Amino acid sequence: MTTQGETAAERLGGAGEEVPAWVTLGLLGAWALHDVEELLAMRHWPARVPELRERFPQVPDRLWREMAELDVRRFGLAVAGVGLVVGAAAVEGRRTGGRSAAYQYVLDGFGLHGLVHLAQSALVRGYTPGVVTTPLLVLPFTLAARTRLRRAGLLRPTRTGDAALSLGLAGVVTAGAHVVARRLTSARGRGLRSGVRR
């Protein structure tokens, strides 16, 4: 039987259990380590484009062209852009003791994007950037953080729609960061070229 002043955390057995910093701020750390792998791998990824293009002719040519012309500096800017969002969510998670819906959506998106990495590697039957740190870091961290939030009575219920929203938001943030990075590097390139003409 619950008393009138009892909180949801108390009803779920998490009364007074504080969520440690690794659960919230650790999201940024786990993301950063994961993206270091992606940054290192992206230097060599364009070399695989001809082979993959032949194996997957149904993929639009525009995507293959972009992969073949991958600019590591631009990719790094996009990674930094995503990092700002993940960092803001981690800080908000810490500030609210893990209660923040934004933090929990980003946490779920981080874990679900790891499943995308695994699916990509299964599809190409080989290594894809980010797949090594997915089973070693992305998935274990996400599951551990969610378990700790659940124990504290703070984990929001995750329905299919919530999972789809988390993954969709991760995709939108990533795509948006790439668009901004492309514009920044294009503008800088134009500025350098005009400076040379002078």
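Tutor: In the contact of α3 with α7, Leu27, Ala30, Trp31, His34 and Glu38 of α3 meet Tyr103, Val106, Leu107, Phe110, His113 and His117 of α7. Contact here means heavy atoms within 4.5 Å. Seven of the residues in the contact of α3 with α7 are nonpolar, three are polar and one is charged. Ala, Val, Leu, Ile, Met, Phe, Trp, Tyr, Cys and Pro count as nonpolar, Asp, Glu, Lys and Arg as charged, and the others, Gly among them, as polar.

This is a predicted model, in which local features need pLDDT of at least 70 and side-chain atom pairs count only at pLDDT 80 or more, while totals for chains, interfaces and linings use all residues. Residues are numbered from 1 along each chain as its sequence is written, and side-chain values use heavy atoms, with hydrogens and water left out. Helices are DSSP runs (H or I, at least four residues), numbered from the N terminus.

Now the geometry. The angle between α3 and α7 is about 30 degrees, and their axes lie 11 Å apart. Axes are lines fitted to C-alpha atoms, for helices over the stretch in contact, and angles run from 0 to 180 degrees between N-to-C directions. α3 and α7 are therefore roughly parallel to each other; angles under 35 degrees count as roughly parallel, and those over 145 as roughly antiparallel. The crossing of α3 and α7 is left-handed, meaning that the near helix is turned anticlockwise from the far one by less than a right angle.

Helix α3 (residues 26-42) also packs on helix α8 (residues 133-151), at an angle of about 165 degrees and with the axes 10 Å apart. That angle makes α3 roughly antiparallel to α8. In this contact, Gly26, Leu27, Ala30, Leu33, His34 and Glu37 of α3 meet Thr133, Thr134, Leu137, Val138 and Phe141 of α8. Six of these residues are nonpolar, four polar and one charged.

Conventions: Helix = DSSP H or I, 4+ residues; strand = E, 2+ residues; numbered from the N terminus. Parallel < 35°, antiparallel > 145°, perpendicular 65-115°, else oblique.
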